[in-house]
Amino acid sequence: MYLVIQKRKKTVEKGRPVETWEDYHKCWCDVKSLYGKELYSALEAKLENVVNFETRFCLKLEALNTKEYRVKWGERVFNIIAADYGKYKRRKIVIKAQEIV
């Protein structure tokens with residue numbers, strides 16, 4: 001399964017700010033649902049439709065943040081909640097994201 005990391009691009013057209021999303025990086029991922037303690041803590045925080053995307057580390061993904069990037073998986077779009085770099089061992093990244101409904 002592939003996911004596309006999209007980056008927010010802000011421009012000004014006719015004096016008005018316009019926000020668009022452009023593809024930043026495409027990579028393979030393993031999609032994992034929440035389970036156990038992680039699922040219950042997400043439900044307590046009223047987070048629904050949360051998914052973990054596990055992918056291999058690359059330098060482009062080091063710049064990820066929750067305000068300027070989002071994840072597109074197929075036709076579904078997700079806001080990034082957090083990116084876990086696994087103690088900065090540079091092997092994999094787990095991106096926790098919530099689907100935009």
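This is a predicted model: local features need pLDDT of at least 70, side-chain atom pairs count only at pLDDT 80 or more; totals for chains, interfaces and linings use all residues.
Residues are numbered from 1 along each chain as its sequence is written, and side-chain values use heavy atoms, without hydrogens or water. Local features require pLDDT of at least 70 and side-chain atom pairs count only at pLDDT 80 or more, while totals for chains, interfaces and linings use all residues.

Strands are DSSP runs (E, at least two residues), numbered from the N terminus. Two strands pair if DSSP finds at least two bridges between them. An open sheet of seven strands runs in the order E2-E1-E5-E6-E7-E4-E3, with antiparallel pairing. Its edge strands are E2 and E3 (30-33), each of which pairs on one side only. Neighbouring strands are turned by 35 degrees against each other on average, direction ignored. The axes behind this angle are lines fitted to C-alpha atoms.

E1 pairs with E2 (residues 16-28) in the antiparallel sense over twelve bridges. Gln6 has Asp23 of E2 as its bridge partner. Two residues lie between the strands in the hairpin of E1 and E2, where Lys14 takes a positive phi near 55 degrees. E1 also pairs with E5, in the antiparallel sense over four bridges. Here Val4 stands opposite Lys72 in E5.

The largest nonpolar core holds 19 residues. Such a core is a set of buried Ala, Val, Leu, Ile, Met, Phe, Trp, Tyr and Cys residues joined through side-chain atoms within 4.5 Å. Buried means under 20% relative accessible area (1.4 Å probe, protein chains only). Leu3, Ile5, Phe53, Leu64, Val71, Phe78 and Ile95 touch the most other members. Strands E1 (2-13), E4 (50-56), E5 (69-73), E6 (76-84) and E7 (92-99) each give two or more residues to the core. Beyond its neighbours within four places in sequence, Phe53 is in contact (heavy atoms within 4.5 Å) with residues including Leu3, Cys29, Val71, Trp73, Phe78 and Ile95.

Four aromatic pairs are found in the whole structure. Rings of Phe, Tyr and Trp (its six-membered ring) pair if their centres lie within 6.5 Å; planes under 30 degrees apart count as stacked, over 60 as edge-to-face and the rest as tilted. Trp73 and Phe78 form a tilted pair, 6.4 Å centre to centre with 50 degrees between the planes. Trp73 is buried at 15% relative accessibility, and Phe78 is buried at 0%. Ring pairs link Phe53, Trp73 and Phe78 into a cluster.

The disulfide count is zero, with sulfur atoms required within 2.5 Å. The sulfur of Cys27 has its closest cysteine sulfur in Cys58, at 6.3 Å, too far for a bond. Cys27 is buried, with a relative accessible area of 10%.

Notes. Buried means under 20% relative accessible area, exposed over 50%, partly exposed in between (1.4 Å probe, protein chains only). Axes are lines fitted to C-alpha atoms, for helices over the stretch in contact, and angles run from 0 to 180 degrees between N-to-C directions.
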